[in-house]
Amino acid sequence: IHKRSVMKPKSLSAKSAKPNHRHHAGLKKRRSTNTPNSGRQLISAAAVELAQHCTPTKVAKKNNEHTLKSKKRNANKYWSSNKSANEGVSDDKVAVTSIPAADDLEEQVRMLQVSYCKSIKAEAPSFLEAEQFTADRLVHLASEEQGLEAKLMHAEKVCGMRLCQPKKPCKGGGAGGPQVVVLTSSAARAVELVRALPTHNRSCRVHKLFSKHIKVEEQVEALAAHLCIAVGTPNRVQKLADLQALRWSRLKLVLLDVHPDVKNRTMLDIPEVRDDFWGLYKDHLWPLLEKASAKMSLLR
């Protein structure tokens with residue numbers, strides 16, 4: 001048998017029988033830290049309290065709150081950062097910077113010209129084409145008005161129209177003929193704009209004119225009823241106008257939603273939506289703007 005495999009019991013030597021001074025010293029040291037005036041005890045108590053208040057769920061909740069606040073700041077990048085202008089105003093009603101009407105109309109003309117040149121793949125519009133984009137065919141919506149309903153109330157005075165209100169329906173017919181058409185880049189954005197019109201949606205149902213989950217036949221039947229406001233995408237609006245289900249006899253205002261998407265593109269920048277809009281503009285909207293029976297504005 002190998003001598004390493006034989007286990008010999010350890011004998012109590014004189015060295016092992018001696019007390020462990022280091023062990024006793026450690027106990028004394030730990031006992032000394034349990035005094036009420038000890039700094040270590042205060043630090044450990046603070047650590048325990050911090051651990052109790054900063055559980056993983058609460059830390060995650062704080063991170064989510066921080067993320068939501070940052071998103072809200074990014075969404076409100078067009079709002080005013082002037083503290084004096086925002087005094088006494090709640091978070092959901094922050095004042096918007098006022099833009100002069102002349103500057104706003106000039107900016108609208110520039111954006112339309114740039115988008116049109118991209119659609120026809122030209123550096124600049126011709127002289128005759130440039131005459132289509134003039135400030136007298138556009139409307140300046142007061143930038144102080146934040147919500148879409150407030151902007152429409154301002155547009156009623158400018159365009160001389162009267163939209164349906166609760167217990168105050170507008171006069172006349174209106175089957176298939178909206179007074180306001182809002183054009184946007186996607187169905188999801190159109191739903192957001194419809195939700196931003198709760199008062200008008202109660203008094204006179206806002207029609208959704210987009211292709212997602214809604215057939216053309218269903219929209220043709222819906223347009224047989226009275227309507228004041230329609231929100232949709234240029235492609236579907238073009239189809240309904242070609243079928244003569246959507247009429248332009250009562251149209252007073254065309255709003256182009258230029259709210260940027262995740263990639264910071266508007267409906268005037270996205271190639272597919274941009275080409276659909278300028279096709280609709282050429283076939284149906286330009287004759288109305290030329291006769292001054294309707295006006296157009298960019299919704300920002």
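Predicted model: local features only at pLDDT ≥ 70, side-chain atom pairs only at ≥ 80, totals over all residues.

User: What makes E1 and E4 a parallel pair?

Analyst: Strand E1, residues 180-183, and E4 are joined by four bridges in the parallel sense. Among the positions involved, Val180 stands opposite Leu253 in E4, and the bridge partner of Val182 in E4 is Leu255.

User: Which other strand pairs with E1 over four bridges?

Analyst: That strand is E3, residues 229-232, which pairs with E1 in the parallel sense. Here Val181 stands opposite Ala230 in E3.

User: Why are E2 and E5 called edge strands?

Analyst: The sheet is open and has five strands in the order E2-E3-E1-E4-E5, with parallel pairing. Strand E2 (207-209) and E5 each have a single partner strand, so one side of each has no neighbour in the sheet. Neighbouring strands of this sheet are turned against each other by 20 degrees on average, direction ignored.

User: Which helices are placed against these strands?

Analyst: Helix H5, residues 101-120, is one of them: it lies across E4 and E5 and runs at about 90 degrees to E5. Helix H12 also packs on the sheet, where it touches E1, E4 and E5, and its direction makes about 135 degrees with that of E5. The protein has 12 helices and five strands.

User: How do you know whether His200 is buried or exposed?

Analyst: The relative accessible area of His200 is 4%. Buried means under 20%, so His200 is buried. His200 lies in helix H9, residues 198-203. Leaving aside neighbours within four places in sequence, His200 is in contact with Glu149, Leu152, Leu163, Cys164, Gln165, Arg205, Val206 and Ile229.

User: Why is Ser186 called partly exposed?

Analyst: Its relative accessible area is 28%. Partly exposed covers the range between the buried limit of 20% and the exposed limit of 50%, so Ser186 belongs there. Ser186 lies in the loop between E1 and helix H8 (187-195). The C-alpha atoms of Ser186 and Gly232 are separated by 7.9 Å, although these residues are 46 residues apart along the chain.

User: What share of the contacts with a separation of 6 or more comes from residues 24 or more positions apart?

Analyst: Such residues account for 66% of those contacts in the protein.

User: What makes the phi of Asn264 and of Ala292 worth noting?

Analyst: Most residues other than glycine have a negative phi. Asn264 is not a glycine, yet its phi is positive, at about 60 degrees. Ala292 likewise has a positive phi, near 65 degrees. Asn264 lies in the loop between strand E4 (253-257) and helix H12 (271-290), and Ala292 lies in the loop between H12 and strand E5 (295-299).

User: Why do Asn264 and Ala292 count as exposed?

Analyst: Exposed means over 50% relative accessible area. Asn264 is at 51% and therefore counts as exposed. Ala292, at 61%, is exposed because that value is also over 50%.

User: How many cavities of 30 Å³ or more does the structure contain, and which residues line the largest one?

Analyst: A search of the whole structure finds one. The largest cavity holds about 40 Å³ of space, which is in keeping with the 30 Å³ limit of that search. The lining consists of Leu112, Gln132, Phe133, Thr134, Arg137, Leu138, Tyr281, Leu289 and Met296.

Technical notes. Residues numbered from 1 in each chain as written. Heavy atoms only, no water. 1 Å grid on protein atoms, 1.4 Å probe; cavity = no way out; pocket = protein on both sides within 12 Å on 5 of 7 lines; lining within 4 Å. Points joined across faces, edges and corners; volume = space filled by probe spheres on them. Helix = DSSP H or I, 4+ residues; strand = E, 2+ residues; numbered from the N terminus. Buried < 20%, exposed > 50% of the residue type's maximum accessible area, 1.4 Å probe, protein only. Contact = heavy atoms within 4.5 Å. Pairing = 2+ DSSP bridges. Axes fitted to C-alpha atoms, helices over the stretch in contact; angles between N-to-C directions.
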